[in-house]
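Hello,

Here is the structure I promised to pass on. Please have a look at it first, and then read on for what turned up.

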Amino acid sequence: TLRKPISQSSMADWASKNLNMHTQGIFRRRISISNMLSWNGGSIKKPMLITSNRTIKKEACEMFKLVQSYMGDRQTRMDRNHVALVMVTKCWSMQGLRDELYIQLIRQTTDNMCYRSLAWGWELMAISLAFFSPSPKFQSYLEGYIYRHLDSDEKIAQHIKELVDLKNKKITKSRKKRKQNTEDEGLPISTYAKYCYRKLHKVAVTGGKKGLRKPTVEEIMHARNAILTPSLFGSSLEEIMLRQQDMYPGNKLPWVQTQLSQQVLALGGEQTEGIFRIPGDIDEVNALKLQVDQWRIPNSLSDPNIPASLLKLWYRELEEPVIPQQFYQECISNYENPDAAVAVVQLLPELNRLVLCYLIHFLQIFAQPSNVGRTKMDVNNLAMVMAPNCLRCQSDDPRIIFENTRKEMSFLRMLIVHLDTSFIKGLV
């Protein structure tokens with residue numbers, strides 16, 4: 001659901017308070033806000049945003065050159081993947097640079113006369129959102145900017161044409177050059193904007209890439225590919241099934257769900273103390289996530305906590321939870337009634353029902369007394385760690401969230417104890 005973004009006047013007000021106004025000419029005249037936020041072919045001598053941090057001041061000017069290099073507006077010896085890697089790594093390591101990068105991208109994708117450069121600027125924004133979020137202070141501004149481009153392809157094409165015509169009146173250009181500027185190259189801008197809008201909302205909640213291992217070129221390429229090819233993580237169940245249709249046309253369940261579940265068992269997860277409670281090494285989980293998104297499960301895995309952590313992440317990041325939102329109230333209303341809890345499962349859409357039953361069947365293996373003795377994870381513990389990945393409370397009231405958390409756990413416990421999942425054996 002698209003939220004109503006902040007108004008244009010609120011965005012202008014934010015800019016007037018936070019932009020580090022630049023000057024030009026021998027009389028150091030201040031540049032207007034509109035010029036500050038319009039494409040610039042030259043360099044900048046100070047950051048776009050007000051800061052007192054000396055390191056940020058220096059890095060911001062260098063980063064602007066990297067943004068121009070990625071967008072094809074400045075020559076560089078590095079390929080675009082490595083330009084993006086340098087930028088993303090700087091911002092991922094230095095939190096104070098993140099808003100600066102996003103405001104620079106807003107500038108370079110505004111009044112840009114070259115469609116290819118414009119598309120690459122939006123592409124870089126999409127890649128960046130895979131690794132880090134803007135600050136809460138800047139998020140609403142960025143959201144408002146992206147929102148205004150969700151359905152703007154005709155306006156953008158017309159605007160570029162007007163800008164080029166205006167420039168051609170001042171400077172005579174060859175027909176070939178003029179064609180290059182107006183020619184559509186790559187995806188429509190609305191495609192990037194829609195992707196960025198969804199990604200911004202997700203990264204604001206998840207916080208982006210975690211761990212100590214720095215971003216890699218493979219992760220940069222994966223983030224770019226995700227614009228057109230939805231990831232197996234963070235998509236809807238329907239999208240995931242559609243994506244696997246060519247490779248596994250006969251499968252009734254998401255490949256990622258069954259493969260990661262089987263990996264946990266293959267590595268002895270049902271005999272591992274603290275399974276699902278003790279997180280796997282975050283860098284190894286990230287590395288496995290990258291490979292799973294390419295339909296690969298490495299043979300080198302040895303710690304069952306790695307696939308177990310990734311499996312939890314997959315459930316948690318689904319665009320809509322396994323138990324869809326319209327059934328949430330019914331679940332927490334029947335958290336003490338076994339028959340009513342089981343009845344809710346039968347009401348779910350077929351795909352959600354199968355995915356949930358597979359998960360419950362999987363958890364029932366761990367709930368067996370012979371395994372609980374080794375894992376120290378009884379049915380209550382299993383319900384506690386898995387309930388937040390299946391049910392999502394929409395309330396912002398801490399008291400309601402706290403009260404519902406207990407009911408969510410109890411509802412999932414009812415399913416682990418009472419739901420008959422024997423039909424799921426052998427289903428893939």
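Trp14 is buried, as its relative accessible area is 13% (buried means under 20% relative accessible area, exposed over 50% and partly exposed in between, with a 1.4 Å probe and protein chains only). Phe138 is buried too, at 0% relative accessibility.

Before going further, a word on the source: this is a predicted model, in which local features need pLDDT of at least 70 and side-chain atom pairs count only at pLDDT 80 or more, while totals for chains, interfaces and linings use all residues. Residues are numbered from 1 along each chain as its sequence is written, and side-chain values use heavy atoms, with hydrogens and water left out. The average pLDDT (the predictor's confidence in each residue, from 0 to 100) is 89 for the chain, and 92% of the residues reach at least 70. Please take care with residues 173–184, where pLDDT stays under 50.

Now to the rings. Rings of Phe, Tyr and Trp (its six-membered ring) pair if their centres lie within 6.5 Å; planes under 30 degrees apart count as stacked, over 60 as edge-to-face and the rest as tilted. The model has 13 aromatic pairs by this rule. One of them joins Trp14 and Phe138, a tilted pair with 5.1 Å from centre to centre and 50 degrees between the planes. Trp14 belongs to helix H1 (residues 8–18) and Phe138 to helix H7 (residues 136–147), so this pair ties together parts that are 124 residues apart in sequence. (Helices are DSSP runs of H or I with at least four residues, numbered from the N terminus.) With Tyr141, Trp14 and Phe138 form one aromatic cluster.

Arg80 is worth a look as well: it lies over the face of Tyr70, at 4.3 Å from the ring centre, and over the face of Trp120, at 3.9 Å. The rule here asks for NZ of Lys or CZ of Arg within 6 Å of the ring centre and within 35 degrees of the ring normal.

Finally, the domains, whose bounds come from an automatic or database domain assignment. Domain 1 covers 8–167 + 188–228 and domain 2 covers 237–424. Their centres, taken over C-alpha atoms, are 37 Å apart. Between them about 860 Å² is buried, 50% of it from carbon and sulfur atoms; buried area is the accessible area (1.4 Å probe) that two parts lose on being put together, summed over both. On the domain 1 side, Arg198, Arg213 and His222 lose the most area to domain 2, together 51% of what that side buries.

Best wishes

Methods
Contact = heavy atoms within 4.5 Å. Helix = DSSP H or I, 4+ residues; strand = E, 2+ residues; numbered from the N terminus.
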